[in-house]
Structures are given as structure tokens and as C-alpha cells.
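Reader: I'm new to this one. Could you walk me through how to read it?

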Amino acid sequence: MKSILQRIEILFEDDHILVINKPAELLTIPDRFRDLPNLKGYFKRKYGDAFIVHRLDKDTSGVMIIAKTE
């Protein structure tokens, strides 16, 4: 079975943005109290920085845009 981070599907990518399909049960931003997998941390490690343009709740799946540049 794939981990939650391995289930992130990249729909589009260029030098400035990523468009992804976020799976349910994945946080968009870090939790303040626990160290759980989250999109911001994953893409920050992968690209050096990541700017969350909007959020989806943990239990919600769907398309999200992540900026790679300011």
C-alpha cells in the first residue's frame, strides 16, 4: 500500500506552480501539536520552498495549487 505522500498526483507543473490532486487524510499545512505528514513540508523538502495558495481540510480530497516561487 502506498503511503499518503506517495498518493499525491501532480496534474501540472512548471517553474512557478504545481497543480496537484490532494488525497483525503493528508494535512495541507503542519499541525501545531503533532509531526504529521503534510503538503507544505513535503514540497518544501522536495523543491526548497512551497507556498500554499489555498487549503483543503484534512478529510477532503481535491485539486490544489501550490506556488513554487513568491
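**The pocket, the sheet and the core**

Author: Let's start with the largest pocket, lined by Leu27, Thr28, Ile29, Pro30, Asp31, Arg32, Phe33, Arg55, Leu56, Asp57 and Lys58. Bear in mind that this is a predicted model: local features need pLDDT of at least 70, side-chain atom pairs count only at pLDDT 80 or more, and totals for chains, interfaces and linings use all residues. Residues are numbered from 1 along each chain as its sequence is written, and side-chain values use heavy atoms, with hydrogens and water left out.

Reader: How much space lies in the largest pocket?

Author: Rolling a probe the size of a water molecule over the atoms shows where empty space is left. On a 1 Å grid over the protein atoms alone, a pocket is an open set of points where a 1.4 Å probe fits, with protein on both sides within 12 Å along at least five of seven lines; lining residues have an atom within 4 Å of a point. Here the largest pocket holds about 170 Å³, a volume being the space filled by probe spheres set on the points.

Reader: Is Asp57 buried or exposed?

Author: Buried means under 20% relative accessible area and exposed over 50%, using a 1.4 Å probe and protein chains only. Asp57 is exposed, at 59%. You'll find Asp57 in the loop between β3 (51-52) and β4 (62-67), and its C-alpha atom is separated by 7.0 Å from that of Leu27, 30 residues apart along the chain.

Reader: What order do the strands of the open sheet have?

Author: Strands of a sheet pair through backbone hydrogen bonds, either parallel or antiparallel. Strands are DSSP runs (E, at least two residues), helices too (H or I, at least four), numbered from the N terminus, and two strands pair if DSSP finds at least two bridges between them. This open sheet of four strands runs β1-β2-β4-β3, with antiparallel pairing. β1 and β3 are the edge strands, each pairing on one side only. Four bridges link β1 (residues 9-13) to β2 (residues 17-22), with Ile10 opposite Ile20. β2 and β4 are joined by six bridges, and Ile17 has Ala67 as its bridge partner in β4.

Reader: Which residues make up the largest nonpolar core?

Author: A nonpolar core is a set of buried Ala, Val, Leu, Ile, Met, Phe, Trp, Tyr and Cys residues joined through side-chain atoms within 4.5 Å. The largest has eleven residues: Ile4, Leu5, Ile8, Leu18, Ile20, Leu26, Leu39, Phe43, Ala50, Met64 and Ile66. β2, α1 (39-47) and β4 each give two or more residues to this core.
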